[in-house]
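Let's walk through this structure together, from one chain to the place where the chains meet. Have the coordinates open as you read.

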Amino acid sequence: MTANSKYETHEHDVLIIGAGGAGLRAAIEALAQGAKVAVVCKSLLGKAHTVMAEGGLAAAMANLDKADDWRTHFRDTMRGGKLVNNWRMAQLHAQEAPDRVRELEQWGALFDRTESGDILQRAFGGHTFRRLCHVGDRTGLEMIRTLQDRGVQMGFDVFMECTITKLLKDGDRVSGAFGYWRESGRFVTFKAKSIVIATGGIGKSWKITSNSWECTGDGMALAYEAGAELLDMEFVQFHPTGMVWPPGVQGILVTEAVRGEGGLLRNKNGERFMEKYDPKKMELSTRDVVARSIYTEVKEGRGTPHGGAYLDISHKPAEYVKRKLPSMYHQFKELADVDITKGPMEVGPTCHYMMGGIRVDAETGQSSVKGLFAAGEAAGGLHGANRLGGNSLSDLIVFGRRAGLAAAEHAKKTAAPSLDNAQIDEAERQVLAPFDRAEGENPYTIHHDLQDMMQRLVGIFRTDADLRQALVELEKLRERAKKMRVEGSRLFNPGWHLSRDLQCMLTVSEACTHAALARKESRGAHSRLDFPKSEDVWGQKNHVIVKKGDAMTLFEVPRTAMPAELAQIMAEDK
Amino acid sequence: MADATLRVFRGDREGGKAVDYQVPVTEGMVVLDAIHSIQAHQAPDLAVRWNCKAAKCGSCSAEVNGKPRLMCKTRMDALPLDQPITVSPMKAFPVIRDLVTDVSWNYKVNKKIPPFQPQPGVKWKMEQRDVDRVQEFRKCIECFLCQDVCHVLRDHDKKEQFGGPRFFVRVAALEMHPLDGLDRTRLLKEELGIGFCNITKCCTEVCPEEIHITDNAIIPLKERVVDEFYDPVTMIVRKIFGAKNT
């Protein structure tokens, strides 16, 4: 216990918030640098959303397609992102991913193998070559278990089922964080020289989503409140293939690996409709294109009985399907009474991934706030306007490592900060407020209405009128949230937990809507019915959102030109 | 469709009781959906762990009608809805609140297991057929249902002497990794107490990942322990020449 907080306090060089792939990889690197490291996570260790990643991780290892190299991966990533990616991040990512994959293997990960005993790679949308290293359709689980075991053995301090509600500052730099133990409801403070945000995405703001309950935009909201900038928040990926039936599983991910392994998309008339939308790449077009295509087919009356498209892999031998897509096989058999080796799945778009996030330096992951770093989905820039499948898992390990390294180095050069009791008192007041009200709305109702509204007004296709309406609705929801009430005690109380997560969801939903309203063009995952084309002038800028006073402020930043070497790669068309 | 009655344990370390909730049943509904419906409309403080709702994370373990199950994978229409459906926390672990149990013991056991250590100078080439059997074990989502059902833990509470099926699966994955260079047999015998397991296969029956825990992990590991410590020839040699010469 240190003197300057009235609560249980833990002191570390590096505090990592989030224990998915990025957080764990950052922790491992910071430990390797000799830092004292804490990892805080909302769930049990090993349950982070990374476990749900299925298809694989993209790295130009060239194990099957010898022509593949980082240049092609770089070009695919930039093209997939419609050229508004941070080109330096895309370059580092493509260059470093193969080494990061080898490292996983050296730490015990067991990928599927080629005939010659190397790591097997599969085709995926937008990737020129077979590039995704995978383990059947449970690649994320393999990755998280490998990183978890490595980190535990190296000796990080893990604070499981602990929620951070506020970042603390000492002048213009971060000094630590305030939170509570989910189990007991007791408060806890962390004091740290560096903080890495690795909290993942924001999908729980939408009704139909592949995301787990944890994906409530906490890290982005925490960073925003602490003064950091958010980048490109309009770019939200709707994965083309989520389950559509039965209602309870709506949105659950159906891996792109189904299409990577040869799965075909058809409408109710049996037509392979991708011929109309992308005759060259067909089912393996980029996710933004396939999602819009399915949406359009359904809207124009060619959908399946439950409002989706048919995805069929049953032309492949049953044993092959069960071996390459075991969890899809079980998922459909047990939850939807469909045997995917015998007939088609019904699938439709589901909110999947936030391309935007905390604006960071490409090399270090440092945000605009001193000592505050971010990596993985919580950080923005790498994926531009649309992420390619497989580039998320590689993002986690490439930039998780870089953020962990930079955070440890920053800690070495920095004196211990001090915690400010006034900030802690304020944080405490904020989280306890819903208990103090004698009456008020239940947070579940407000969350339900938020999801419903975002689905309706800030979905795949957007318009000026809808987005303006969304801002009005968000304001109303925020007012309702100010009056919500939580029942029961502080002991493992999900209603209370949601009341706090909801605040984060409101913040990131607002950021997303503002940015979507401002971008008057269609690009990647951002489709405006009123501005259906991509405009060159919009390709020259990114959106930044920052808190000024109490107001959310948006401004444009011009993109810097690529160095000649990278521009040359973009110009080549292999 | 009709309503179902869920009889859910409500309580904490001090004790508690089962409370009945009426829930409207919809098509394809799973038990976790019903629990969420209770949270949203009747008891917002009902404590439950869950993450993915797709049987990939192993968080929502509980006992449904007395059977260890993942709630996200247990279909309501597979249960007899004319009677109340009981939903209780895992019995082998201490209750924190409602359906949430303290599983921290598992993480302590895990720490005892030396991680993967490659043989010196390996080439990182592996055949799929050598990897297959390890990949079966790597499917484990750490739901701890095998730990919950195992009578050594559930009925005899031998948590000090016994590691439980989950960690035999983990050790098997390491021991059978084609490139691993460590030997964990002594750990299995002395720290994880594999001898306590009398291969009743209860763990295999409840595994949602359908890992053949007993046949493919525990029995081969038991054989290794027997070969190393109980082989009669080795024992005679040991008796005559002393342990260090064997």
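Two residues are in contact here if their C-beta atoms, placed from the backbone, lie within 7 Å. By that criterion, 46 residues of chain B are in contact with 49 residues of chain A. This is a predicted model, in which local features need pLDDT of at least 70 and side-chain atom pairs count only at pLDDT 80 or more, while totals for chains, interfaces and linings use all residues. Residues are numbered from 1 along each chain as its sequence is written, and chains are lettered from A and ligands numbered from 1 in the order in which they are written.

Stay with chain B for a moment. Helices (H or I, at least four residues) and strands (E, at least two) are DSSP runs, numbered from the N terminus. Helix H1 (31-41), strand S6 (95-97), helix H2 (104-111) and helix H3 (128-138) of chain B each give two or more residues to the side that touches chain A. H3(B) provides the largest share, 5 residues.

Chain B itself splits into domain 1 (3-101) and domain 2 (104-233), with bounds from an automatic or database domain assignment. Their centres, taken over C-alpha atoms, are 29 Å apart. Where these domains touch, domain 1 of chain B contributes 11 residues and domain 2 of chain B contributes 12 residues.

Now turn to chain A, with its 16 helices and 20 strands. Its C-alpha atoms fill a box of roughly 65 × 50 × 50 Å along the principal axes. Of the contacts in chain A with a separation of 6 or more, 74% join residues 24 or more positions apart.
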